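Me: I would like to go through the terms used for this structure one by one, and to see what each of them rests on.

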Amino acid sequence: LYYQSLKRNIKESRVSAIVLEASSGYASKLKRDFPTIKLFFHVHNIPKQEEVVPSFVNSIDGCFCISQFIQNETIKRLRVTPQKVSLLYNSVDLQQFSPLTIEERERLRVRQGFGVDDKIIIYAGRLQPYKGIKQLLEAFCKINDPNIKLLIVGSSFFSLSKPTSFMRELKILSQEKEDRISFTGFVPHQQIQEYYQMADIAVLPSMWDEPFGLTCLEAFACGLPVITTKSGGLPEIVTPKCGTLLERDSHIVDNIHSNILTLLNNQSLLSSMSLEARLRAGNFDSKDYFNNFCNLIKQYE
C-alpha cells in the first residue's frame, strides 16, 4: 500500500530525482517503474547486508555519504566506483545551537538546579553501551571535586525509551556520586541546546565507529570543547584546537578522567578551545546544506 501511494505521488508530480533515506528496499522497484528519474541513496550508516546486493547497487545513480568514513565504507562494501559516491557532511543550525552570555548562562543553570560556579560536563546521546556512557561514568566517579557535575542527556532510544538493564546498570554505577550526576531522560531536539549552553565541556566517548557525530558538532556550536574518541567520522570533525581524540583501548577510562581535569582546571585552555569550537562549527552551517545538496544532484544531470 505504501509503495502504491508513493508511485502515484511520483506520477502526479514533476519529479526529477528521488533520494532514498533508509528506504533501500524500494530501489529496484523505483528504477523499474521510473527508469528516467535519477535515484540517489543518502548513506547515514555503514551499508547493511541487504544493501550489498547487485539489484540495489545497479538501481542507484549515486550515493551521498555523511562523512569520508562512510564514503570509504560505501565504496568498499557496495563495490561502487568512487565517481558514484559523493561527500555530503551533516550540518548544524548555528542559530539554535549557539553560546549564551554569562548572565543568560547563569540564569539557565540556576533554573536547572546547578550553581553558577559549578563546572558542568555534558553527555548527550543514547544510553547504549556502544556510546561510551559507562566509561564516562567510571571516569567521573574518580573525580572528587564537589563543584564538578555530570549532566547526562538522553535515553535508550529516543522518546520511545523504556528502562533497560543497561540503564539500571548506569544508575547503580552513578549511586556513588549521585549528588553530582543528573539524568534528564529524553529531551526533544528543539530544547536540547539549553543543556549544551549551560555546560563547560562535552564528553562523548563513542566506542563504536560513529558515522558522523552530530552531538559533537552541536556541542562545538554552543562553544564547548569536546573529549571524544578516534572512531568513524569523528576525526573529520574534531581538531586539536577544539577537542581531544582518545584511543578506544583499555586506558579509555583513565584518559577520559585525566583529560576532563586538564580542561576544567585550565581556564585559559578552556576559553581558547571554546572559541575554536564555535569557529569549527561554522564549517558545517546548515544554511549551506541545501545548496550543497542541490549541487550534488545537478552533477548527475
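**Terms and their grounds**

Reply: In this predicted model, strand β6, which spans residues 148-153, is mostly covered, with six of its six residues buried.

Me: What makes both faces of β6 count as covered?

Reply: A residue is called buried when its relative accessible area is under 20%. Ile148, Leu150 and Ile152 on one side of β6 and Lys149, Leu151 and Val153 on the other are all buried, and both faces are covered.

Me: How do you know that β6 is paired with β5, and in which sense do the two strands run?

Reply: Pairing requires at least two bridges between two strands, and six bridges join β5 (residues 119-124) to β6, the two running parallel. Within this pairing, Ile120 has Lys149 of β6 as its bridge partner. Together with helix α6 (residues 133-140), β5 and β6 also make a right-handed β-α-β unit.

Me: What angle do the axes of α9 and α12 make, and why is α9 called oblique to α12?

Reply: The axes of α9 (residues 214-221) and α12 (residues 267-281) cross at roughly 120° and come within 7 Å. Since roughly perpendicular covers 65 to 115 degrees and roughly antiparallel begins over 145, α9 is oblique to α12. The crossing of α9 and α12 is left-handed, and the residues that meet are Leu217, Phe220 and Ala221 in α9 with Ala277, Arg278, Arg280 and Ala281 in α12.

Me: Why does Arg79 count as exposed?

Reply: Exposed means over 50% relative accessible area, and Arg79, at 77% relative accessibility, therefore counts as exposed. Arg79 lies in the loop between α4 (68-78) and β4 (85-87), and, although not a glycine, Arg79 has a positive phi of about 55°.

Conventions:
Residues numbered from 1 in each chain as written. Predicted model: local features only at pLDDT ≥ 70, side-chain atom pairs only at ≥ 80, totals over all residues. Heavy atoms only, no water. Buried < 20%, exposed > 50% of the residue type's maximum accessible area, 1.4 Å probe, protein only. Helix = DSSP H or I, 4+ residues; strand = E, 2+ residues; numbered from the N terminus. Right-handed = clockwise from strand over helix to strand, strands pointing away. Axes fitted to C-alpha atoms, helices over the stretch in contact; angles between N-to-C directions. Parallel < 35°, antiparallel > 145°, perpendicular 65-115°, else oblique. Left-handed = near helix turned anticlockwise from the far one by under 90°. Contact = heavy atoms within 4.5 Å.
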